[in-house]
Amino acid sequence: MNNRLLVLSALLAITVSACSQKDDSAAKAARESAQKAEAAIGSAAEATKTAAKDAASAAKESVVNASAATMEATKEAVEVTREASKEMVVKAADATKEAADKAKEAVGK
């Protein structure tokens, strides 16, 4: 909204100065005001552009960091799953052996 007001006041100042035939102090002040408004608009546009670039760069860096963290967490989860699977296989083998031993004892009696 401030940019709109600056542009509108710059246009009005240019119009007033263009319509005036004599170069009085009001017209001179209006031209200076218009020039300052144009400079302010340019500076605001440049600042907005820089801020947008910075935000995009930060977002990209954040995505890369999140991706790396996700990959690391996935590797850890796979390792934990492998270890748990190994333990389950060992326990299942022990239980099977124990059941076989009990079955032998039962048949032997």
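Guide: The protein exposes about 9100 Å² (Shrake-Rupley method, 1.4 Å probe), and carbon and sulfur atoms supply 62% of that area. This is a predicted model, in which local features need pLDDT of at least 70, side-chain atom pairs count only at pLDDT 80 or more, and totals for chains, interfaces and linings use all residues. Residues are numbered from 1 along each chain as its sequence is written, and side-chain values use heavy atoms, with hydrogens and water left out.

Visitor: Which residues make up the largest nonpolar core?

Guide: In soluble globular proteins, nonpolar side chains tend to be buried together. Here the 5 residues of the largest nonpolar core are A10, A13, A30, A34 and A37. Such a core is a set of buried Ala, Val, Leu, Ile, Met, Phe, Trp, Tyr and Cys residues joined through side-chain atoms within 4.5 Å. Both α1 (2-19) and α2 (25-108) give two or more residues to this core, and α2 gives the most, with 3.

Visitor: Where is the salt bridge?

Guide: Side chains of opposite charge can pair when their charged atoms come close. The structure's 1 salt bridge joins K86 and E83 at 3.9 Å, N to O; the criterion is a side-chain nitrogen of Lys or Arg within 4 Å of a carboxyl oxygen of Asp or Glu. K86 and E83 are 3 residues apart in helix α2, so about one helical turn separates them.

How values were computed: Buried means under 20% relative accessible area, exposed over 50%, partly exposed in between (1.4 Å probe, protein chains only). Helices (H or I, at least four residues) and strands (E, at least two) are DSSP runs, numbered from the N terminus.
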